[in-house]
Amino acid sequence: MKTTTRSISKFALVLFLGLSLNAIVGCGGGQNGTGTGPITATPNYVATIQAAGKEALPIAVNSTSNLVAVLNEGSNSISFIDGSSNAVTSTVTVGNDPLSVDVNVKTGLAYVANSMDNTVSVVNSTSGANIATVAVGQGPEGISVNPTTGLVYVANNGDSSVCFINGASNTVT
């Protein structure tokens, strides 16, 4: 997946390019095409999709299956959206205050950092099944999957630590 970042004043606009996902086209902006100042162009959206929960914030895209994982922080759930049809395929309850999500493109498992529970939820993005809940450090807020090794890295803000989860056994190593 290619990522292009363009500075717009003190903010960064990140566009994801090269996806077969139909729901995201991108936005343009800036004053006179300079890339600075307020965004003045009207965004061009292909579709607006209503996730099944409240406060849809972080997202992760599985470029292999074309599924989009959307966290619903306000309802403690994760919704999966089919990028081809733009339809919500499932919504699964996760832990309290989900703040970050990543997907292993090889296994299709989504990993959700639940900040208030000090856990990571492991969810099968295809079936919508909640596979496991793994205890980690205090206040997990960041998560990243290495699909080559199967390791899941969890940044814990509450105790300034990083945990490593073995993706095959769903245990902290």
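Predicted model: local features only at pLDDT ≥ 70, side-chain atom pairs only at ≥ 80, totals over all residues.
**View 1. An open, four-stranded sheet.** The strands run in the order β7-β8-β9-β10, and their pairing is antiparallel. Strands β7 (98-103) and β10 are the edge strands; each has a single partner, so one side of each is left without a neighbour in the sheet. From one strand to the next, the twist averages 20 degrees. For a look at one pairing inside the sheet, follow β8 (residues 109-114) and β9 (residues 119-124), which are joined in the antiparallel sense over six bridges. Here Val112 has Ser121 of β9 as its bridge partner. As a reminder, strands of a sheet pair through backbone hydrogen bonds, either parallel or antiparallel.

View 2. Val134 belongs to strand β10, which spans residues 130-135. Is this residue, Val134, buried or exposed? With a relative accessible area of 5%, Val134 is buried, because the cut-off for that class is under 20%. Beyond its neighbours within four places in sequence, Val134 touches Asn118, Thr119, Val120, Val122, Ile165, Asn170 and Val172. Take Asn170 from that list: Asn170 and Val134 are 36 residues apart in sequence, yet their C-alpha atoms are 6.6 Å apart in space.

**View 3. The aromatic pair of Tyr153 and Phe164.** Searching the whole structure turns up one aromatic pair. Its ring centres, in Tyr153 and Phe164, are 5.2 Å apart and the planes meet at 85 degrees, so the arrangement is edge-to-face. Tyr153 sits in strand β12 (residues 151-156) and Phe164 in strand β13 (residues 161-166), so the pair ties together parts that are 11 residues apart in sequence. Both partners are partly exposed: Tyr153 has a relative accessible area of 28%, and Phe164 is at 35%.

View 4. In soluble globular proteins, nonpolar side chains tend to be buried together. The largest nonpolar core in this model has 14 residues, and those with the most contacts inside it are Tyr111, Val120, Val136, Ile143, Val152, Val154 and Ile165. Two or more residues come from each of β8, β9, β10, β11 (140-145), β12 and β13. Which element gives the most to this core? That is β8, with three residues.

Technical notes:
Residues numbered from 1 in each chain as written. Heavy atoms only, no water. Buried < 20%, exposed > 50% of the residue type's maximum accessible area, 1.4 Å probe, protein only. Contact = heavy atoms within 4.5 Å. Pairing = 2+ DSSP bridges. Axes fitted to C-alpha atoms, helices over the stretch in contact; angles between N-to-C directions. Phe/Tyr/Trp six-rings, centres within 6.5 Å; stacked < 30°, edge-to-face > 60°. Core = buried A, V, L, I, M, F, W, Y, C linked by side-chain atoms within 4.5 Å.
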